[in-house]
Amino acid sequence: MSSQFSSRSDYVFTSESVAEGHPDKVCDQISDAVVDAMLAINPEARVACETLATTNTIVIAGETRGADLTKAQIEKIARDKVREIGYLQEGFHADNVDVYVHLHAQSADIAIGVDSAENKDEGAGDQGIMFGFACNETETLMPAPIHLSHRILQNLADVRHSGKEKGLGPDAKSQVSLLYEKGKPVKATSIVVSTQHAEGLTQNDVREIVRPQVLAALPKGWMCDEAEFYVNPTGQFIIGGPDGDCGLTGRKIIVDTYGGAAPHGGGAFSGKDPTKVDRSAAYMARYLAKNVVAAGIAERCTIQLSYAIGVSKPLSFYVSTAGTGRADDGKLESVLQELVDLSPRGIRTHLQLNRPIYARTAAYGHFGRNPEKDGGFSWEKTDLVEALKDYFK
C-alpha cells in the first residue's frame with residue numbers, strides 16, 4: 001500500500017467502488033460524454049462541464065471554448081447516457097427527465113494563461129498537485145482492494161445489461177476489506193455489496209444473485225466468512241440512483257483512483273478537457289509509476305507533480321518507491337523527466353489525449369484498465385519498460 005503502511009506487514013485495508021448507476025457516477029459520465037462530443041468536433045476544445053442530477057432533473061453547467069453544441073444536442077447526450085446506464089424508472093427516466101443546460105464561454109483570464117503565444121508555451125489550466133501510483137499486488141498493477149471492488153460491480157453490470165439478472169437495478173456500491181500478511185494481500189475479511197433491485201426480491205434473493213459475481217471477481221480461496229458477507233445491509237434497496245440521492249460530478253475521486261491506498265491531489269477528472277492538469281498530469285503520473293513497477297524497478301511507486309496556472313513546466317516532480325526500489329529514487333526522478341516531456345502540451349502529445357476517449361473512464365476507475373486501439377486508456381501502456389531497463393541494468 002502507500003508509504004503510511006510500509007512499516008507494517010500485517011493489517012487489513014479497505015476500498016470501495018460505486019457502479020455506473022450511482023448518482024455521482026451518472027453525473028461523471030454525462031460530463032465526460034459532453035467532453036467527448038466537443039473533442040470530436042475540435043480536438044483543441046476547452047471544456048469544464050459539471051453535472052447535477054436529482055429526481056427527474058439534470059443540470060449541466062460550466063465553461064467551453066472552441067466547439068459549439070446546441071442545448072438540444074447536449075440534452076440528447078445526457079438522455080442517451082442515462083438510457084445507456086439503464087435508468088427508465090419513474091423517479092429518473094431517460095425520456096422524462098428535465099435537462100437544463102447552462103454552459104457558457106471560458107473565462108478570458110483563464111484562456112490567456114493556458115494559450116500558447118510567440119514567447120510562451122501552453123500553460124497549465126490551473127495550479128495543483130497530482131499523484132500517480134502503481135504496485136505489484138494485481139496483474140493491473142493496482143492495489144488489490146480497489147481492483148476487486150471494481151470487478152465485483154463490473155460483473156454485476158454485465159449480468160444486468162445482458163438480461164441474465166433482470167432483478168438488478170443500475171445503482172450499486174461495493175466494499176472490499178483485505179487481510180495483508182507480510183505486506184501481501186491474502187484474503188478478504190469482509191465484503192459489502194449494496195445493489196438496487198426490483199420490488200418483490202427479498203434480501204436473500206439479492207444475496208444469491210450477488211454471490212456468484214463476487215466469487216468470480218475474487219481469487220480462488222479469498223472469499224470472506226459468510227458472517228462477514230453483507231448484501232443490502234439495510235434490507236432493501238428499491239429506490240436508487242438520482243431519485244434516491246442527489247449526484248454531482250467529481251465527488252468520487254478516491255473511487256476513480258487508488259481506493260485510498262495512495263495520496264490524492266484533490267482534483268477530480270470527469271468533465272475536464274486534457275489541458276486541465278488535474279486530469280492529464282494525474283494520468284501521466286500513473287503512466288510513469290506503472291512503467292517503473294512493470295519494469296521491475298520497484299514493487300510500488302508513488303509520483304507527485306505540481307503546476308502553476310499559465311506555467312508550462314512542472315514546479316516539482318517527486319518519486320517514492322517506499323523502500324521497495326532497486327534504484328535510487330532521485331535517479332528515477334532524473335531519468336523519467338528525460339524520457340517524457342512533463343509540460344501540459346508534452347503530456348497531451350505523449351499520451352495522445354486530445355481525443356474523445358473519456359466517457360468510458362467515468363465508471364469503474366480511470367486506472368487499471370486495458371489500453372484500447374483508439375487510444376483509450378493510453379496511460380495504462382507499459383511502453384517505457386525497455387527504456388527504463390536499459391537505464392537500470
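## Basis of the description

Residues are numbered from 1 along each chain as its sequence is written. In this predicted model, local features need pLDDT of at least 70 and side-chain atom pairs count only at pLDDT 80 or more, while totals for chains, interfaces and linings use all residues; side-chain values use heavy atoms, with hydrogens and water left out.

## The four-stranded sheet

Four strands form an open sheet in the order β6-β3-β2-β11, with mixed pairing. Strands (E, at least two residues) and helices (H or I, at least four) are DSSP runs, numbered from the N terminus, and two strands pair if DSSP finds at least two bridges between them. At the edges stand β6 (98-105) and β11 (247-248), each of which pairs on one side only. Strands β2 (residues 46-54) and β3 (residues 57-65) run antiparallel and are joined by nine bridges. Within β3, Gly62 is the bridge partner of Cys49.

Two helices are described against this sheet. Helix α1 lies across β2, β3, β6 and β11, at about 150 degrees to β2. Helix α2 (residues 71-85) packs on the sheet and touches β3 and β6, its direction making about 130 degrees with that of β6. Contact here means heavy atoms within 4.5 Å. Axes are lines fitted to C-alpha atoms, for helices over the stretch in contact, and angles run from 0 to 180 degrees between N-to-C directions.

## The three-stranded sheet

A further open sheet has three strands in the order β7-β12-β13, with antiparallel pairing. Strands β7 (128-135) and β13 (316-320) each have a single partner strand, so one side of each is left without a neighbour in the sheet. Neighbouring strands of this sheet are turned by 10 degrees against each other on average, direction ignored.

Eight bridges connect β7 with the antiparallel strand β12 (residues 300-307). Phe133 stands opposite Thr302 in β12. Helix α7 (residues 277-294) lies across β7, β12 and β13 and runs at about 30 degrees to β7.

## Helix α7 with helix α9

The axes of α7 and helix α9 (residues 344-351) are 10 Å apart, and the two helices pack at an angle of about 60 degrees. That angle makes α7 oblique to α9; angles under 35 degrees count as roughly parallel, over 145 as roughly antiparallel, 65 to 115 as roughly perpendicular and the rest as oblique.

In α7, the residues Val277, Ser280, Ala281, Tyr283, Met284 and Tyr287 meet Pro344, Ile347, His350 and Leu351 of α9. These contact residues divide into eight nonpolar, two polar and no charged. Ala, Val, Leu, Ile, Met, Phe, Trp, Tyr, Cys and Pro count as nonpolar, Asp, Glu, Lys and Arg as charged, and the others, Gly among them, as polar.

## Helix α4 with helix α5

Helices α4 and α5 (residues 203-217) pack at about 135 degrees, with their axes 8 Å apart. This makes α4 oblique to α5. Residues of α4 in the contact include Leu148, Arg151 and Ile152, and those of α5 include Val210, Gln213 and Val214. By class, the contact has eight nonpolar, two polar and one charged residues.

## Salt bridges

The whole structure holds 22 salt bridges, each a side-chain nitrogen of Lys or Arg within 4 Å of a carboxyl oxygen of Asp or Glu. One joins the side chains of Glu20 and Arg160 (3.3 Å, N to O). Glu20 lies in the loop between β1 (11-18) and α1 (23-41) and Arg160 in helix α4 (residues 144-162), so this pair ties together parts that are 140 residues apart in sequence.
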